[in-house]
Amino acid sequence: MILDDIDNQADFENAPFQVDESYAPPLFKTQEVNFYVEDKIAISDKFSLLAGLHLAAFFTDGETYTIPQPRLQVKWQFTPTLNTAFSVSKMAQALHILSETGGALPNDLWVPSTRNVQPETALQAAWTTHFTIQKNWGLEIDVFYKKMNH
């Protein structure tokens with residue numbers, strides 16, 4: 001199979017194989033704009049908040065997806081060597097990976113969201129405890145829960 005006739009913009013019109021266009025058109029033109037703001041607020045010398053907002057706008061196939069992704073972390077510094085934190089964040093991704101492992105070599109294809117396939121989102125909550133043993137040594141325990149929506 002020779003693919004030299006295909007240009008770099010994924011135009012499959014002259015390809016020597018059939019393309020399933022049920023989820024997206026054969027030519028993908030997308031743009032993404034991102035904005036991020038974050039602030040650390042010290043409530044006291046032992047308690048702090050880290051709040052942020054990542055705003056993504058994804059333009060594709062005549063659709064615009066505006067995805068706010070807030071983040072919040074609450075941190076307690078119990079002693080100079082022991083702290084714990086709880087965080088929650090919403091995440092989104094407008095690119096999807098299609099993997100094909102049936103052939104001799106794995107083949108991954110990244111495709112953007114379209115009007116038929118929306119961006120994936122996830123909500124993650126995490127708890128972390130860090131203990132400093134010596135100046136360059138520490139022990140950390142992380143537990144998280146992630147709910148994916150796709």
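Which residue forms a salt bridge with Glu-63, and how far apart are the closest N and O atoms? Arg-115 is the partner of Glu-63, with the closest N and O atoms 4.0 Å apart. This is a predicted model, in which local features need pLDDT of at least 70 and side-chain atom pairs count only at pLDDT 80 or more, while totals for chains, interfaces and linings use all residues. Residues are numbered from 1 along each chain as its sequence is written, and side-chain values use heavy atoms, with hydrogens and water left out.

**Overall make-up**

- The protein chain holds 0 helices and 8 strands, where helices (H or I, at least four residues) and strands (E, at least two) are DSSP runs numbered from the N terminus.
- Read from the N terminus on, the order of elements is β-β-β-β-β-β-β-β.
- Of the 150 residues in the protein chain, 19% count as buried; buried means under 20% relative accessible area, exposed means over 50%, and partly exposed lies in between, with a 1.4 Å probe and protein chains only.

**The sheet and its strand pairs**

- An open sheet is formed by 6 strands in the order S1-S2-S3-S4-S7-S8, with antiparallel pairing; two strands pair if DSSP finds at least two bridges between them.
- The edge strands are S1 (30-42) and S8, each of which pairs on one side only.
- Neighbouring strands of this sheet are turned by 10° against each other on average, direction ignored, with axes taken as lines fitted to C-alpha atoms (for helices over the stretch in contact) and angles running from 0 to 180 degrees between N-to-C directions.
- In general, strands of a sheet pair through backbone hydrogen bonds, either parallel or antiparallel.
- Strands S1 and S2 (residues 47-60) pair in the antiparallel sense over 13 bridges, and Ile-41 has Leu-49 in S2 as its bridge partner.
- Strands S2 and S3 run antiparallel and are joined by 14 bridges, with Ile-67 in S3 as the bridge partner of Ala-56.
- The hairpin of S2 and S3 has 2 residues between the strands, and Asp-61 takes a positive phi near 50° there.
- Strands S3 and S4 are paired in the antiparallel sense over 8 bridges and form a hairpin with 2 residues between them; in S4, Val-88 is the bridge partner of Leu-72.

**The salt bridge**

- The whole structure contains 1 salt bridge, defined as a side-chain nitrogen of Lys or Arg within 4 Å of a carboxyl oxygen of Asp or Glu.
- Arg-115 lies in the loop between strand S6 (107-112) and S7, whereas Glu-63 lies in strand S3, so the pair ties together parts that are 52 residues apart in sequence.
- Both partners are partly exposed: Arg-115 has a relative accessible area of 46%, and Glu-63 has one of 30%.
- As a general point, side chains of opposite charge can pair when their charged atoms come close.

**The aromatic pair**

- The count comes to 1 aromatic pair, under the rule that rings of Phe, Tyr and Trp (its six-membered ring) pair if their centres lie within 6.5 Å, with planes under 30 degrees apart counted as stacked, over 60 as edge-to-face and the rest as tilted.
- Phe-47 and Trp-76 form this tilted pair, at 5.7 Å centre to centre and with 40° between the planes.
- The pair links distant parts of the chain, since Phe-47 is in strand S2 and Trp-76 in strand S3, 29 residues apart.
- Phe-47 is partly exposed, with a relative accessible area of 24%, and Trp-76 is partly exposed as well, at 35%.

**The nonpolar surface patch**

- Leu-72, Trp-76, Phe-78, Phe-86, Val-88, Leu-123, Trp-127, Ile-141 and Val-143 make a nonpolar surface patch of about 810 Å².
- Strands S3 (63-79), S4 (82-93), S7 (120-134) and S8 (137-149) are the elements that give two or more residues to the nonpolar patch, and S3 gives the most, with 3 residues.
- Patches are made of residues with over 30% relative accessible area and no salt bridge, like charges being joined within 9 Å and nonpolar side chains (Val, Leu, Ile, Met, Phe, Trp, Tyr) within 5 Å; accessible areas come from the Shrake-Rupley method with a 1.4 Å probe, and for residues only the protein chains shown count as cover.

- Arg-71, placed in strand S3, is partly exposed with a relative accessible area of 30%.
- The C-alpha atoms of Arg-71 and Leu-123 are 9.9 Å apart in space, although the two residues are 52 residues apart in sequence.
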